[in-house]
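Visitor: I have a structure open and would like to go through it piece by piece. Can we start?
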Amino acid sequence: MAKIERVAVVREALALLDEVGLDGVSTRALARRLGVEQPSLYWHFHSKQELIAAMAAAALEPHDEMPLPQQGDAWSSWFLDNYRSFRSALLARRDGARLHAGSVPDVASRDRLLKKFAFLVESGVPQADAIAGMLAASRFTVGSALEQQANPDLEDEREMNLTVPSHDQAFEAGLVMLLNGLQQTASQKIPNRSKGLAVP
């Protein structure tokens with residue numbers, strides 16, 4: 001039974017995703033693409049769910065390569081750049097938003113998240129607002145990318161004779177609104193009301 005490197009499996013799985021979409025990704029199709037027997041994939045992934053998780057992490061690598069914020073950086077500018085980068089990574093892959101939705105950050109990703117969170121707090125954003133703001137922006141970004149990949153031409157809105165912004169314009173407007181809201185609540189120094197962190 002041939003054994004194949006994990007990185008090669010994930011790379012080809014993402015290539016398969018780009019070709020057939022998330023619904024077409026299966027261990028059988030992937031094994032056929034790699035020229036191996038299906039059980040060979042179990043050296044690295046015991047289930048399709050494990051494979052999907054690895055694919056989601058790999059798809060976000062371009063975003064993870066973005067330098068972490070440093071003390072003295074303007075947190076508002078970083079906030080915008082962070083979620084623009086996140087969205088770009090989601091849109092770079094076919095069904096990238098669906099692939100990411102519901103995924104759980106791995107150890108390295110969680111470490112980066114905590115550093116981003118700490119940066120906001122050190123910049124003067126109260127803990128509760130930093131958590132809520134990152135969570136809201138993360139979910140908004142995934143939803144924005146999901147809508148764009150599901151309806152790239154905004155056909156439904158045009159059929160209703162509505163004048164609507166492009167996907168890019170709507171995302172930018174919504175992100176700025178989230179930032180403005182975070183800046184306002186942060187300035188009010190609302191007491192801690194949130195726990196946990198699991199956002200990009």
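Visitor: Where is alanine 130?
Guide: Alanine 130 sits in helix α8; helices here are DSSP runs of H or I with at least four residues, and strands are runs of E with at least two, numbered from the N terminus. This is a predicted model, in which local features need pLDDT of at least 70 and side-chain atom pairs count only at pLDDT 80 or more, while totals for chains, interfaces and linings use all residues. Residues are numbered from 1 along each chain as its sequence is written, and side-chain values use heavy atoms, with hydrogens and water left out.

Visitor: Is alanine 130 buried or exposed?
Guide: Alanine 130 counts as buried because its relative accessibility is 0%. Buried means under 20% relative accessible area, exposed means over 50%, and partly exposed is in between, with a 1.4 Å probe and protein chains only.

Visitor: What is alanine 130 in contact with, leaving aside its neighbours within four places in sequence?
Guide: Those contacts of alanine 130 are Phe117, Leu120, Val121 and Val125, where contact means heavy atoms within 4.5 Å.

Visitor: Which residues touch the most other members of the largest nonpolar core?
Guide: Trp75, Phe79, Tyr83, Leu120 and Val125 do, in a core of 26 residues. The elements giving two or more residues to this core are α5, α7, α8 and α10, and α5 provides the largest share, eight residues. A nonpolar core is a set of buried Ala, Val, Leu, Ile, Met, Phe, Trp, Tyr and Cys residues joined through side-chain atoms within 4.5 Å.

Visitor: And phenylalanine 79, what is in contact with it beyond four places in sequence?
Guide: Phenylalanine 79 has Gly133, Ala137, Leu175, Leu179 and Leu182 as contacts there. There is also a second, separate core of 25 residues, with Ala13, Val25, Leu30 and Ile52 among them.

Visitor: How far does α3 reach?
Guide: From its first C-alpha to its last, α3 reaches 16 Å with 12 residues, close to the 16 Å expected at 1.5 Å a residue. The expected span is 1.5 Å times one less than the number of residues.

Visitor: New topic. How much space lies in the second largest pocket?
Guide: About 360 Å³. Of the 19 residues that line this pocket, Ala54, Ala57, Ala58, Ala59 and Glu61 are the closest to its centre. A pocket is an open set of points on a 1 Å grid over the protein atoms alone, where a 1.4 Å probe fits, with protein on both sides within 12 Å along at least five of seven lines; lining residues have an atom within 4 Å of a point. Grid points are joined across faces, edges and corners, and the volume is the space filled by probe spheres set on the points.

Visitor: Which helix gives the most to that lining?
Guide: α1 does, with five residues.

Visitor: Last one: where is histidine 44?
Guide: Histidine 44 is in the loop between α2 and α3. Histidine 44 counts as buried because its relative accessibility is 19%. The C-alpha atoms of histidine 44 and arginine 6 are separated by 6.1 Å, although the two are 38 residues apart along the chain.
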